[in-house]
Amino acid sequence: MKRFYIVGFLVLMAFDTLAQLSFKYAGESALPLEFSAAWLLRVFGQPWIYGAFVGYIGAFFTWMSLLRHAPIGPAFAASHLEIISVLGVSYWLFNEPIGWPQIIGCLFIVAGIMCLAVSETNELAPKAR
């Protein structure tokens, strides 16, 4: 079951990361922003917008599968790991800066997931009498 969680959350993170990065690419390709038929054609003419749809649909079905088995607290927290993956990939692909606030934020995300996982494990463990 542990392997299911690890693989499941990695797949969820991959789909979420795909969706976020695809929206970024599609958004950059669709500039300038205007509400017109030409703009809509520019948006839907970009292959990246379809990558975003695939990412969100894949993330939805992966999340629903995980929720059937995973405890909700740690699962919800772990679903936010994509923030860290998007940050790292954006640094690599878009040369976006990563400063101390982002690094500290990532550490807080990981620490929160670990705290919830430990508390969930302690609640499931049999109590000594």
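Q: In which hand does α1 pass α5?

A: Look along the pair and ask which way the near helix is turned from the far one: clockwise gives a right-handed crossing. In this predicted model, α1 passes α5 in a right-handed crossing.

Q: At what angle do helix α1 and helix α5 pack, and how far apart are their axes?

A: Helix α1 spans residues 2-29 and helix α5 spans residues 82-94. They pack at an angle of about 45°, with their axes 9 Å apart. That angle makes α1 oblique to α5.

Q: Which residues in α1 meet which in α5?

A: Read contacts as heavy atoms within 4.5 Å. From α1 come Met13, Asp16, Thr17, Gln20, Leu21, Lys24, Tyr25 and Glu28. From α5 come Glu82, Ser85, Val86, Val89, Ser90, Leu93 and Phe94. Sorted by class, the contact holds seven nonpolar, four polar and four charged residues.

Q: Where does UniProt place the feature "transmembrane region"?

A: The unreviewed entry lists residues 43-63, 75-94 and 100-119. Now set the record against the model. Residues 75-94 are 85% helix and 0% strand, with end C-alpha atoms 29 Å apart. Residues 100-119 are 100% helix and 0% strand, and their end C-alpha atoms lie 28 Å apart.

Q: Where does UniProt place "domain: EamA", and what is the helix and strand content of residues 46-116?

A: UniProt, again in an unreviewed entry, puts "domain: EamA" at residues 46-116. In the model that span is 82% helix and 0% strand. The end C-alpha atoms of the span are 40 Å apart.

Methods: Residues numbered from 1 in each chain as written. Predicted model: local features only at pLDDT ≥ 70, side-chain atom pairs only at ≥ 80, totals over all residues. Heavy atoms only, no water. Axes fitted to C-alpha atoms, helices over the stretch in contact; angles between N-to-C directions. Helix = DSSP H or I, 4+ residues; strand = E, 2+ residues; numbered from the N terminus. Parallel < 35°, antiparallel > 145°, perpendicular 65-115°, else oblique. Nonpolar A, V, L, I, M, F, W, Y, C, P; charged D, E, K, R; others polar. UniProt positions renumbered as here; feature names shortened; annotations may be inferred.
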